[in-house]
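Reader: I've got the sequence and the model up on my screen. Can we walk through some of the local geometry and packing together?

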Amino acid sequence: LGQDDLGDILALRKEVLGGLEHPDIYVPEADETAFVKAHLGERGMSFGVFAGSRMISYGMLGLPAAADKDNLGAVIGLDAGQRARVAHLASCMTVREYRGHCIQRDLVVARMALARELGCRYCLAMVSLRNRVSRNNLFAAGMAVRWVGYLDDLRRQLMYLDMEAPDAFDETGEALVDPLDFERQCELAHAGSWGIAETEREGQPLLMFRKRRTVQGKSATAS
């Protein structure tokens with residue numbers, strides 16, 4: 001997508017944001033126009049999906065510089081060289097009548113492929129604890145909840161994937177957590193457990209946290 005698509009993206013965002021089940025699922029940007037423009041240039045790129053001439057979905061890829069204050073790699077302790085290879089799986093939205101057709105999953109895969117082509121190694125995405133759909137789509141692409149805490153005064157999960165050396169996890173010591181239990185997720189993430197999947201117990205969704213397996217030559221920070 002290019003700058004000519006700015007109006008269509010803004011209109012789609014307004015439609016989707018106006019129909020959220022809970023306002024915390026996605027909080028609008030302070031400057032919506034500036035945010036979208038930033039993902040239509042050198043520091044970001046976007047894919048669009050159309051039904052005829054109507055944009056029905058989009059997915060943004062952020063390409064922050066290593067020194068950018070909003071580079072999510074800094075939150076998880078990546079060094080400057082690693083932050084230079086970070087890509088953000090940023091906003092991705094689909095209008096209601098076209099949901100349930102794996103469009104968002106396809107856009108996750110497309111953005112990861114583009115990130116690899118551009119020389120990026122680390123994919124990060126910021127997700128609301130209430131955003132079950134996006135989180136599960138990112139799980140399906142191999143991402144995991146690596147960090148949980150406050151970002152811009154919002155309770156958020158950071159999902160992460162090293163595309164060159166995906167992390168492995170112990171099969172013992174599993175913890176199942178309510179997706180909205182912020183404090184418990186913070187404790188587990190701080191102790192080195194990552195959220196790797198969603199499961200269910202008695203019809204209730206639960207997040208599965210497991211300890212990251214230590215790999216020789218790969219530190220916890222570099223992963």
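This is a predicted model: local features need pLDDT of at least 70, side-chain atom pairs count only at pLDDT 80 or more; totals for chains, interfaces and linings use all residues.

Reader: Which residues of α1 are buried, and what arc do they cover around the axis?

Author: Buried means under 20% relative accessible area, exposed over 50%, and partly exposed in between (1.4 Å probe, protein chains only). In α1 the buried ones are Leu6, Ile9, Leu12, Arg13, Val16 and Leu17. They are on the same side of α1, because their arc, taken from the directions from the helix axis to the C-beta atoms, is only 130°.

Reader: What do those buried residues of α1 pack against?

Author: Contact here means heavy atoms within 4.5 Å. By that criterion, the partners of the buried α1 residues are α2 (32–38), β2 (54–62) and β3 (86–94).

Reader: Which residues touch the most other members of the largest nonpolar core?

Author: In general, nonpolar side chains tend to be buried together in soluble globular proteins. A nonpolar core is a set of buried Ala, Val, Leu, Ile, Met, Phe, Trp, Tyr and Cys residues joined through side-chain atoms within 4.5 Å. The largest one has 29 residues, and those touching the most other members are Leu89, Met112, Leu138 and Met143.

Reader: Which residues is Leu138 in contact with, leaving aside neighbours within four places in sequence?

Author: Leu138 is one of the buried residues of helix α5 (residues 132–140). With those sequence neighbours set aside, its contacts are Leu89, Val108, Ala125, Val127, Met143 and Met159.

Reader: Where is Ile25, is it buried or exposed, and which residues does it touch, not counting those up to four places away in sequence?

Author: Ile25 sits in the loop between α1 and α2. Its relative accessibility is 18%, so Ile25 counts as buried. Not counting residues up to four places away in sequence, Ile25 touches Leu20, Ser128, Arg130 and Asn131.

Reader: What is the phi of Asp152, and what is the phi of Asp153?

Author: Asp152 is in the loop between β5 (144–151) and β6 (154–162), and Asp153 lies in that loop between β5 and β6 too. Asp152 is exposed, with a relative accessible area of 73%, and Asp153 is exposed at 73% as well. Each has a positive phi in a residue other than glycine: for Asp152 the value is near 50°, and for Asp153 it is near 65°.

Reader: Which residue follows α5, and what is its phi?

Author: α5 gives way to a glycine with a positive phi. That residue is Gly142, with phi near 100°.

Reader: Is Gly100 buried or exposed, and how far is its C-alpha from that of Val133?

Author: Gly100 is found in the loop between β3 and α4 (103–117). Gly100 has a relative accessible area of 75%, so it is exposed. Gly100 and Val133 are 33 residues apart along the chain, and their C-alpha atoms are separated by 9.9 Å.

Notes:
Residues are numbered from 1 along each chain as its sequence is written. Side-chain values use heavy atoms; hydrogens and water are left out. Helices (H or I, at least four residues) and strands (E, at least two) are DSSP runs, numbered from the N terminus.
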